[in-house]
Amino acid sequence: MKRVATIQDISCIGKCSLTVALPIISATGIETAIVPTAVLSTHTQFKGFTFRDLTDDMEPIKDHWVKEGFKFDALYTGYLGSLRQIEIVKEYFKAFAPEGTYKIVDPAMADNGNLYVGFDKNFALEMGSLCREADIALPNISEAAFMLGIDYPGEEAPEEVTRDILKKLADTGIKFPVITGVTLKDGSFGFIGYDSAKDEFISYGTEKVPYKSHGTGDVYASAFTGSLVNGKSIYDSLVIAADYTTACIRNTYNDPDHVNYAVNFELEIPYLLKLIGK
Ligand code: PXL
């Protein structure tokens with residue numbers, strides 16, 4: 001069985017980070033090891049959330065895993081709570097990601113042009129340094145702009161602007177940046193990526209649902225990881241993740257009882273498995 005380790009927080013209510021990554025990646029038939037970086041009562045879009053920092057546990061967990069000789073097919077990181085956690089994740093990469101182990105970084109830290117509560121511009125630049133160590137980095141357009149220290153170009157930035165940002169990310173040393181949640185020229189919704197090794201842009205769009213929610217980046221990155229580790233190509237995995245995430249958004253949009261803090265990712269897991277061919 002394949003094994004992934006994912007490093008991010010537990011938001012007890014919020015359907016994001018580990019409470020999304022664990023069920024989605026496990027459902028695709030992959031053992032999913034977790035490193036919880038913090039425990040929050042809710043994600044940070046709620047007011048008054050509690051936050052228990054688990055940074056001090058991260059290195060002992062790594063050291064124990066090294067002693068036990070655990071191996072991973074991919075390391076996938078999402079929301080990280082501090083600069084020190086970014087540095088510790090780099091140690092995980094050194095310890096567990098030899099050639100052949102995918103390093104997937106979702107620099108989950110901003111949306112709609114705003115950094116999440118608790119982050120500053122310096123943190124965003126440091127996230128850039130983690131993305132430089134990744135095989136694939138999956139920022140949204142806000143995160144991409146913050147990592148470059150440039151003005152936010154808006155959710156519906158023209159494709160040329162997004163491509164320019166991707167090139168700039170590659171110029172900083174990020175090998176394969178993929179900006180998710182973009183609206184393409186034809187009005188469809190998906191991703192644009194830039195493979196610097198091939199000097200090639202890739203993109204894909206699917207039907208746009210007029211609904212915006214939290215946690216969709218986490219759903220996307222988790223489905224991407226599950227698909228990639230199941231042997232799909234990078235491009236096919238990006239497409240599968242786009243189709244699945246859109247289905248989750250559509251499901252939520254059509255559900256009169258939906259919550260306003262996350263998407264109905266659970267109800268579309270059978271569709272994800274179908275896309276992966278499971
Ligand atoms: O979905 C990203 C995310 C992950 N973890 C925490 C968050 C958010 C977004 O707000 O607050 C704690």
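Trainee: How many of the 278 residues in the protein chain are buried, as a percentage, and what makes a residue buried or exposed?

Mentor: Buried residues make up 54% of the chain. The word means under 20% relative accessible area, with exposed over 50% and partly exposed in between, using a 1.4 Å probe and protein chains only. Keep in mind that this is a predicted model, in which local features need pLDDT of at least 70 and side-chain atom pairs count only at pLDDT 80 or more, while totals for chains, interfaces and linings use all residues. Residues are numbered from 1 along each chain as its sequence is written, and side-chain values use heavy atoms, leaving out hydrogens and water.

Trainee: How do you know whether the radius of gyration agrees with a compact globule?

Mentor: Set the value against the rule, which is 2.2 Å times the number of residues to the power 0.38, with the radius taken over C-alpha atoms. For 278 residues the rule gives a radius near 19 Å, and the protein chain has 17 Å, so the two agree. Along the principal axes, the C-alpha atoms fill a box of roughly 50 × 45 × 40 Å.

Trainee: Which residues is Thr162 in contact with, leaving aside its neighbours within four places in sequence?

Mentor: They are Ile141, Ala157, Ile179, Val182 and Ile192; contact means heavy atoms within 4.5 Å.

Trainee: And why does Gly217 count as partly exposed?

Mentor: Its relative accessibility is 31%, so Gly217 falls in the partly exposed class. Gly217 sits in helix H7, a helix that is mostly covered, with 13 of its 14 residues buried.

Trainee: How do you know how the span of H7 compares with the expected one?

Mentor: The expected span is 1.5 Å times one less than the number of residues. H7 (residues 216–229) reaches 20 Å from its first C-alpha to its last, close to the 20 Å expected. Helix H8 (residues 234–253) can be treated likewise: with 20 residues, H8 reaches 28 Å, close to the 28 Å expected. H8 is mostly covered too, with 15 of its 20 residues buried.

Trainee: What makes the phi of Lys15 worth a mention?

Mentor: Most residues other than glycine have a negative phi. Lys15 is not a glycine, yet has a positive phi of about 45 degrees; its place is in the loop between strand S1 (3–13) and helix H1 (18–27). Asp199, again not a glycine, has a positive phi of about 50 degrees and lies in the loop between strand S10 (189–195) and strand S11 (200–206).

Trainee: Last one: which residues of helix H4 are buried, and what do they pack against?

Mentor: In H4 (residues 121–131) they are Phe123, Ala124, Met127, Gly128, Ser129, Leu130 and Cys131. Their packing partners include helix H3 (83–96), strand S5 (102–105) and helix H5 (141–148).

Key
Helices (H or I, at least four residues) and strands (E, at least two) are DSSP runs, numbered from the N terminus.
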